[in-house]
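Me: I am new to this structure and would like to learn how to read it step by step. Could you take me through it slowly?

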Number of protein chains: 2
Amino acid sequence: MTIPLTILPANRELQVAPGTSILQAAHAAGIDITATCGGRGRCTSCRVKFVRGTVPPPTIMDELQLGSDLVREGYRLSCQCRVTEPIAVQVAPPLDEQAFQILGADRRVQDVGRVVIDAGITKQLVKVALPREEHHQTSDLEELLAAIGRGPWDVSPELLKQLPATLREAQGEVTVTTFGRSVLAAEAGDTGPMKFGLAVDIGTTSVDTALIELESGERLASVSSLNPQAVFGGDLMSRIAFAQFNPANLKKLQGRIIGLLNQHITEIVRESGVLSKWIYKVVVVGNTCMHHILLGIDPSHVGLAPYAPVLRHPLVLPARELHLKVHPEARVCLLPIVAGFVGADAVGVALATRIYESPEIRIAVDIGTNGEVVLGSRERLWACSAPAGPALEGAQIRHGMRAALGAIDRVRIEDDIQVHTIGEAAPLGICGSGIIDALAGMLDAGILDATGLIQVEDRDRLPPRLRPRVVLQGEERRFILIRQGEAGAPADITLTQQDIRQVQLAKGAIASGVAMLQHIAGVPDGQVAELLLAGGFGNYLSIRSALRIGLIPPLPAERIRYVGNAASLGAQLCLVSETERHRAEGIARGIEHVSLATHPDFQEIFVECMNFPRG
Amino acid sequence: MTIPLTILPANRELQVAPGTSILQAAHAAGIDITATCGGRGRCTSCRVKFVRGTVPPPTIMDELQLGSDLVREGYRLSCQCRVTEPIAVQVAPPLDEQAFQILGADRRVQDVGRVVIDAGITKQLVKVALPREEHHQTSDLEELLAAIGRGPWDVSPELLKQLPATLREAQGEVTVTTFGRSVLAAEAGDTGPMKFGLAVDIGTTSVDTALIELESGERLASVSSLNPQAVFGGDLMSRIAFAQFNPANLKKLQGRIIGLLNQHITEIVRESGVLSKWIYKVVVVGNTCMHHILLGIDPSHVGLAPYAPVLRHPLVLPARELHLKVHPEARVCLLPIVAGFVGADAVGVALATRIYESPEIRIAVDIGTNGEVVLGSRERLWACSAPAGPALEGAQIRHGMRAALGAIDRVRIEDDIQVHTIGEAAPLGICGSGIIDALAGMLDAGILDATGLIQVEDRDRLPPRLRPRVVLQGEERRFILIRQGEAGAPADITLTQQDIRQVQLAKGAIASGVAMLQHIAGVPDGQVAELLLAGGFGNYLSIRSALRIGLIPPLPAERIRYVGNAASLGAQLCLVSETERHRAEGIARGIEHVSLATHPDFQEIFVECMNFPRG
């Protein structure tokens with residue numbers, strides 16, 4: 001016997017065995033219902049609305065996740081709802097894929113190995129005795145603490161505001177959420193499985209937020225966007241100058257980043273179906289200046305010699321103090337800082353690359369507007385900053401863009417140009433990995449010389465199809481990657497001589513950072529066991545191209561590995577594991593900061609690194 | 001040789017010896033310049049403005065107290081400023097005496113005896129090494145913490161916001177304020193002597209705030225006013241009902257009390273000249289309901305059997321969380337609670353009366369809208385609530401008022417009536433001590449019988465001048481205390497039959513509370529070594545009258561003592577002494593709560609206590 005199940009808006013009638021969940025039935029029939037949590041009742045993404053048939057009584061998960069209003073309106077979680085009679089349900093609007101970063105592009109905490117999942121957020125269901133006796137008085141809080149035991153506990157006044165109502169609504173059956181010695185929440189009923197966290201990487205140019213289930217370490221969603229502070233200055237120094245200009249400006253910068261994080265939260269909550277009130281832990285990495293601005297701390301002195309941070313300690317504070325729209329008592333953990341220009345992001349990179357326990361010497365290069373280089377092994381670690389500017393993140397490049405839908409992320413130049421775009425959409429611009437590929441191809445084809453000049457005068461020596469792409473427009477040398485109409489491009493996409501200069505500055509900063517650390521630590525190329533290339537390039541970065549343009553030292557390709565956004569991965573590790581978070585403190589203390597600018601050999605090496613290697 | 005010193009607006013020219021301070025010279029000449037701190041540069045009340053002569057360079061105290069703007073405008077502290085050449089100065093406007101409670105009315109912490117002054121607020125001047133080295137990075141915070149030593153410290157992100165500017169402005173010379181393991185402030189220069197605190201008593205009807213210098217324990221100012229929550233209900237039950245009615249109402253009640261406390265702070269700051277930023281500690285007592293509402297905690301269940309509080313623990317939280325306009329990191333300490341109707345105020349009374357260490361049995365009676373009785377000795381302590389209603393605080397009495405300027409606070413009835421008013425001003429109404437006096441006199445004169453009925457029918461037996469004061473106006477029996485015009489009164493002041501009934505309910509509640517505790521503890525009157533009468537009656541309460549109306553049991557007058565506002569005094573003790581604050585915790589744990597309403601003998605005793613003793 002089967003029962004008819006109609007699914008709207010597809011308007012497909014399925015015949016399903018009684019007791020099958022709506023989600024299972026839909027998936028078996030090839031109908032997409034998003035289930036971010038994998039159909040375990042942990043999120044709301046698979047919700048459906050009943051349009052025909054008896055709405056079944058809500059499960060505890062329906063109540064917890066959807067709330068009484070939606071339940072009353074006939075919404076249910078399709079993963080929890082079994083078909084027992086003919087029904088028709090409407091599926092929630094599908095996800096807006098474009099708003100989302102391509103998942104799977106980056107490494108996950110599971111890829112790092114030897115990670116103990118211990119996020120530090122503990123939930124326990126307890127039975128609290130309600131005060132009953134008038135003579136021998138007690139209080140709601142005393143009874144709650146007696147039920148959870150193992151005190152003393154630190155309880156926020158915020159929790160107390162809800163406590164009497166929660167206890168009585170649930171007849172004393174509440175789930176208590178703790179972190180360290182702090183009681184964060186007391187929720188009616190069993191909310192045990194709902195434990196989520198956010199890993200946030202605040203870069204000068206890009207901000208990444210990932211949602212992680214704390215119990216499994218699974219990444220459920222991530223979102224990435226430009227740092228909106230950029231309108232007040234593309235690089236740190238101009239943002240610091242803006243903050244110094246008047247005290248209200250610091251508030252503006254802080255407001256921008258907190259506003260963006262709340263947008264990320266709204267988006268992640270909407271897309272994943274996980275409710276923001278189940279997010280109890282947030283780990284933030286970022287460079288020193290971003291870290292200070294997030295906290296509303298004047299970063300002026302980070303911008304003046306000796307570039308001292310206001311603090312380097314790790315911090316833990318309640319989300320309400322930063323006005324983040326997760327659980328108000330969620331703990332926001334900021335990783336420690338090494339120096340004014342070697343921030344918590346570098347600590348995240350060192351942690352995620354496991355360089356601190358490497359028996360051989362490795363180099364981790366984090367490519368970003370304020371890049372950082374970490375060199376060393378389990379014996380000793382050095383770090384310096386490599387202020388590349390935003391070119392390799394696609395900013396301050398005429399047709400540059402972030403690694404998002406429609407960005408050219410791969411370029412091959414032979415007889416003509418071949419490009420690949422993210423999502424295989426019509427090309428809208430070029431992102432960092434595409435720029436590196438393009439320059440490598442231009443060098444190989446002789447379109448660029450080693451000094452970085454676009455060879456307009458010699459273009460006649462190029463293959464016929466490349467020749468017309470090398471142009472002089474007024475005074476400006478240009479290379480036309482894509483003409484309007486090619487591959488559906490709505491407009492020309494070019495690289496200008498100015499763009500090339502920006503990339504040269506960027507790669508010069510990074511390459512000279514690597515060279516200087518090798519110089520100071522006395523490590524020739526031959527002693528480098530591995531170079532780990534990190535940065536937010538999405539799921540593609542050509543090692544060959546990076547070598548060709550001299551972004552990294554000329555090591556054999558098999559000793560170079562692209563490790564994705566390692567700063568964010570470091571944050572994710574600390575999110576799912578307190579062991580890792582405490583390890584990060586030790587790593588930060590152990591890193592020796594190297595100040596490049598004051599070193600007598602720096603200028604010469606930097607100028608040299610600006611040029612491209614001769615083919 | 002003397003130098004001419006002109007003081008405006010008095011326009012007196014004094015001849016003073018060179019080097020005399022302006023304040024000294026003025027006081028010697030009988031010119032009043034207020035100096036709340038006693039001329040020690042701790043406050044701003046003695047500030048003068050130079051109108052003629054050279055303005056001397058500011059002292060460090062001028063800079064600290066007045067700030068650079070006022071200093072630039074020619075303001076100086078007259079206690080710090082010595083006369084060296086002919087000058088003329090304008091004195092700050094004198095204090096508005098009326099706004100102020102009469103100081104000296106209440107006992108001070110110095111009167112309690114054996115109080116160790118250790119407010120827990122520590123200030124130390126340190127020299128912080130500013131970060132200088134680029135290679136070996138450190139941070140402002142690390143250098144600050146190294147300078148104060150003895151870590152680990154807990155530092156608020158708020159402090160960090162100011163830290164880099166403060167450190168550099170003061171070239172590293174900063175005063176660090178700590179409380180326990182928390183660093184509250186880092187201020188440029190030596191601010192060591194500036195350490196103040198507030199003791200707050202939040203009653204159902206009245207709210208009292210006292211400003212205390214933490215180093216000396218000296219009370220500098222106090223202010224008292226009606227609890228503005230009263231518009232939402234005069235007694236606790238109606239306020240609880242209001243809070244339950246809808247969740248926004250709790251916010252309203254909380255907003256009212258926080259608003260009032262901020263008014264008190266503004267007033268105290270203005271009158272005393274102490275800057276609010278030097279206030280680092282606040283101790284709050286109040287009944288359980290007031291305590292919960294201040295914190296924004298739903299008090300619903302305090303109003304329902306078994307009347308359980310949400311919490312009873314003592315709390316310490318930063319002032320910014322309650323939006324109090326003192327130093328944002330000031331610590332607000334809430335004393336612990338005993339039971340739903342025996343609050344932190346009762347703990348304050350027990351502490352201030354030293355009943356917990358008495359070798360003999362004593363009784364402390366706190367008279368207020370929600371009065372409390374504590375009975376016992378160092379062996380054992382019992383407490384119960386005595387919900388008197390607001391009559392004895394002058395509220396819900398037709399011509400009742402608080403113990404403020406113009407209130408009739410003493411009444412003598414012989415051949416005629418004699419009244420005394422606070423400040424000897426024209427009578428505006430009658431306060432608690434006046435009401436108790438009036439009723440005692442009316443009973444003695446035969447104007448009231450033992451059941452509380454005004455004897456209109458028998459008025460002809462009264463002395464001729466009293467006779468016309470006993471009237472029947474429509475249905476209403478009245479006793480005219482003061483006629484319009486008498487002693488300058490702008491209107492009649494009467495006590496109505498209804499007023500008498502209110503006082504009977506009040507004194508019945510208190511007397512039955514005392515009687516019940518004696519009954520339960522098995523303590524006959526003969527075993528009571530002393531009865532301590534507490535409450536906000538100003539500086540006068542007639543023990544004889546209190547005995548006459550049966551407010552307290554018939555003990556010999558020498559065994560009864562009026563101890564003023566002991567709840568506030570308890571708060572003051574905990575403000576100036578952490579030893580006392582920790583003692584309060586032990587006291588709260590040790591008090592045994594007695595629930596009267598459920599006791600089988602209560603009704604009978606209560607009804608009996610409503611009547612007046614027969615003369």
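This is a predicted model: local features need pLDDT of at least 70, side-chain atom pairs count only at pLDDT 80 or more; totals for chains, interfaces and linings use all residues.

Reply: What follows goes from the whole chain to its domains, then to pairs of helices, single residues and the interface.

Me: How many helices and strands does chain A have, and what is its radius of gyration?

Reply: Helices (H or I, at least four residues) and strands (E, at least two) are DSSP runs numbered from the N terminus, and chain A has 15 helices and 27 strands. The radius of gyration is taken over C-alpha atoms, and the globule rule is 2.2 Å times the number of residues to the power 0.38. For 615 residues a compact globule would have a radius of gyration near 25 Å, and the 27 Å of chain A agrees with that. Along its principal axes, the C-alpha trace of chain A spans about 90 × 60 × 50 Å.

Me: What share of chain A counts as buried?

Reply: A residue is buried if 20 or more other C-beta atoms lie within 10 Å of its own, exposed if 12 or fewer, and partly exposed in between, with C-beta atoms placed from the backbone. By that count, 52% of the 615 residues of chain A are buried. Helix H9 (residues 344-353) of chain A is mostly covered, with 10 of its 10 residues buried, among them Asp345(A), Gly348(A) and Leu351(A). Just after H9(A), Arg354(A) takes a positive phi of about 60 degrees.

Me: Which domains does chain A have, and where do domain 3 and domain 4 meet?

Reply: Domain bounds come from an automatic or database domain assignment, which for chain A gives domain 1 (3-94), domain 2 (121-188), domain 3 (344-389 + 509-610) and domain 4 (391-502). The centres of domain 3 and domain 4 of chain A, taken over C-alpha atoms, are 28 Å apart. Two residues are in contact if their C-beta atoms, placed from the backbone, lie within 7 Å, and 16 residues of domain 3 of chain A are in contact with 17 residues of domain 4 of chain A. On the domain 3 side, helix H12 (residues 543-548) of chain A gives the most, with 3 residues.

Me: How do I describe two helices that pack together?

Reply: Two packed helices are described by the angle between their axes and the distance between the axes. Axes here are lines fitted to C-alpha atoms, for helices over the stretch in contact, and angles run from 0 to 180 degrees between N-to-C directions. Angles under 35 degrees count as roughly parallel, over 145 as roughly antiparallel, 65 to 115 as roughly perpendicular and the rest as oblique. The axes of helix H6 (residues 236-245) and helix H7 (residues 247-272) of chain A come within 5 Å and cross at roughly 130 degrees, so H6(A) and H7(A) are oblique to each other. Their contact brings Arg239(A), Phe242(A), Ala243(A) and Phe245(A) of H6(A) to Asn249(A), Leu250(A) and Leu253(A) of H7(A).

Me: Is Ile265(A) buried or exposed, and which residues does Ile265(A) touch?

Reply: Ile265(A) lies in helix H7 of chain A, and it counts as buried because it has 22 C-beta neighbours inside 10 Å. Not counting residues up to four places away in sequence, Ile265(A) touches Ser276(A), Leu324(A), Lys325(A) and Val326(A).

Me: Is Glu558(B) buried or exposed?

Reply: Glu558(B) sits in the loop between helix H13 (543-548) and strand S26 (560-564) of chain B, and with 8 C-beta neighbours inside 10 Å it counts as exposed.

Me: How many residues of chain B are in contact with chain A, and which helix of chain B gives the most?

Reply: On the chain B side, 41 residues are in contact with 41 residues of chain A. Helix H4 (140-148) and helix H5 (157-169) of chain B each supply at least two residues of that side, and H5(B) gives the most, with 6 residues. The axes of H4(B) and H5(B) come within 10 Å and cross at roughly 80 degrees, so these helices are roughly perpendicular to each other.

Key
Residues are numbered from 1 along each chain as its sequence is written. Chains are lettered from A and ligands numbered from 1 in the order in which they are written.
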